[in-house]
Amino acid sequence: LLPSLDEEGGGDFSKESAEDLLKSLYETEHDDGEEDEDGPVITTAEANALRKFLTDEATRPPLSALIWLRSTAFRIGSQYLDDENDKSKNVSLLRSINVVVHIIEKTCMKPKPLVLKLPPSHAPVADTDFATVAQTLWRLDSNRLTPHKDYRMNVQSSKHPCDRGDAAADPLFTYVNRRVFQRPTFKAFRNLLDNYSVYTGVEEEVTQEELRENRAFLKAVMETGPMKYCHRYCLAKGVRYNGKLIPGGE
């Protein structure tokens, strides 16, 4: 991630005001039903208040305060750990800290652009054969998960594809490294999963937020090595769209 803040912050920004806001987020106890059993205690309204503080022209932090702001979110949050080691309270607090830090990172930082550097032997040209292209795409796929490291599977019993019923009593995956869900493409894809109706024939209402999520996913995919290579390959082949050559550049 790279900082997306300006050198100069808002005229009303101060470390004291930032600390007061963070304390108010961690101090609040919610009895309005918005918190679920496994969820954080930060409400949508509080999350929006933090985003507004970080983006408002008057209160946005300067670039020089970014590292301090992120570390302060951890420091202040840890001060509210339950002295009696109440597990449920501490778990909720840790989720809240995670939400706060995530908002800071998402609002004040941006992914580092991927610059695809290929050796001359791998750079696509007009006569590059498709087998070479496919192999290069496989090698460039840094998002691919590694069996037994990122996930473990329990295949269990087998059956004929035409047979009905479930022959596997246990879950297929016995372990998945949840950190992979923070990768840009995985994260953007998961945001799409609640955008669609599972029922055939049900007309869907597409919101502006869903359209933003669609664009964010496409942007994340296009920033990957395989898609950048595909773009170079199309340029080398002189591919046209609607009669026009596709644009070059990253």
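## Overall picture

Take the contacts in the protein chain between residues at least 6 apart in sequence: 68% of them join residues at least 24 apart, where contact means heavy atoms within 4.5 Å. This is a predicted model, in which local features need pLDDT of at least 70 and side-chain atom pairs count only at pLDDT 80 or more, while totals for chains, interfaces and linings use all residues. Residues are numbered from 1 along each chain as its sequence is written, and side-chain values use heavy atoms, with hydrogens and water left out.

The protein chain has eight helices and six strands. Reading from the N terminus, the order is β-α-α-α-α-β-α-β-β-α-α-α-β-β. Here helices (H or I, at least four residues) and strands (E, at least two) are DSSP runs, numbered from the N terminus. Of the 250 residues in the protein chain, 26% count as buried; buried is under 20% relative accessible area, exposed is over 50%, and partly exposed is in between (1.4 Å probe, protein chains only).

## α1 and its partners

Start with α1 and α2, whose axes come within 11 Å and cross at roughly 170°. That makes the two, α1 and α2, roughly antiparallel. For the record, axes are lines fitted to C-alpha atoms, for helices over the stretch in contact, and angles run from 0 to 180 degrees between N-to-C directions. Angles under 35 degrees count as roughly parallel, over 145 as roughly antiparallel, 65 to 115 as roughly perpendicular and the rest as oblique. On the α1 side you'll find Ser 17, Ala 18, Leu 21, Ser 24 and Leu 25, and they meet Glu 46, Ala 49, Leu 50 and Phe 53 of α2. Sorted by class, that contact of α1 with α2 has six nonpolar, two polar and one charged residues. The classes go like this: Ala, Val, Leu, Ile, Met, Phe, Trp, Tyr, Cys and Pro are nonpolar, Asp, Glu, Lys and Arg are charged, and the others, Gly among them, are polar.

Helix α1 (residues 15-27) also packs with helix α4 (residues 87-108), at an angle of about 145° and with the axes 10 Å apart. Leu 22, Leu 25 and Tyr 26 of α1 make this contact with Leu 93, Ser 96, Ile 97 and Val 100 of α4. The tally for α1 with α4 is six nonpolar, one polar and no charged residues.

## α5 against α8

Further along, helix α5 (residues 130-140) packs with helix α8 (residues 225-237) at about 150°, their axes 8 Å apart. So α5 is roughly antiparallel to α8. The crossing of α5 and α8 is right-handed.

From α5 come Val 133, Thr 136, Leu 137 and Leu 140, and they meet Gly 225, Pro 226, Tyr 229, Cys 230 and Tyr 233 of α8.

Arg 60 sits in the loop between α2 (44-55) and α3 (66-78), and counts as buried because its relative accessibility is 17%. A polar atom of the Arg 60 side chain lies 2.8 Å from the backbone oxygen of Glu 8. Leaving aside neighbours within four places in sequence, Arg 60 is in contact with Asp 6, Glu 8, Gly 9, Gly 10, Phe 13, Phe 53, Leu 54 and Thr 55.

Asp 82 is in the loop between α3 and α4, and at 23% relative accessibility Asp 82 counts as partly exposed. Not counting residues up to four places away in sequence, Asp 82 touches Lys 89 and Asn 90. The C-alpha atoms of Asp 82 and Leu 93 are separated by 9.0 Å, with the two residues eleven apart along the chain.

His 148, in the loop between α5 and β3 (151-153), has phi near 70°, a positive value in a residue other than glycine. Asn 242, in the loop between β5 (240-241) and β6 (244-245), has a positive phi near 55°. His 148 counts as exposed at 65% relative accessibility, and Asn 242 counts as exposed at 65%.

Tyr 175 lies in strand β4 (residues 173-176) and counts as partly exposed at 29% relative accessibility. Beyond its neighbours within four places in sequence, Tyr 175 is in contact with Lys 149, Asp 150, Tyr 151 and Arg 152. Tyr 175 and Asp 150 are 25 residues apart in sequence and 7.8 Å apart in space, C-alpha to C-alpha.

Notes. A crossing is left-handed if the near helix is turned anticlockwise from the far one by less than a right angle, and right-handed if clockwise. A polar contact is a pair of N or O atoms within 3.5 Å; within protein, one must be able to donate a hydrogen and the other to accept it, and residues adjacent in sequence count only if both atoms are side-chain atoms.
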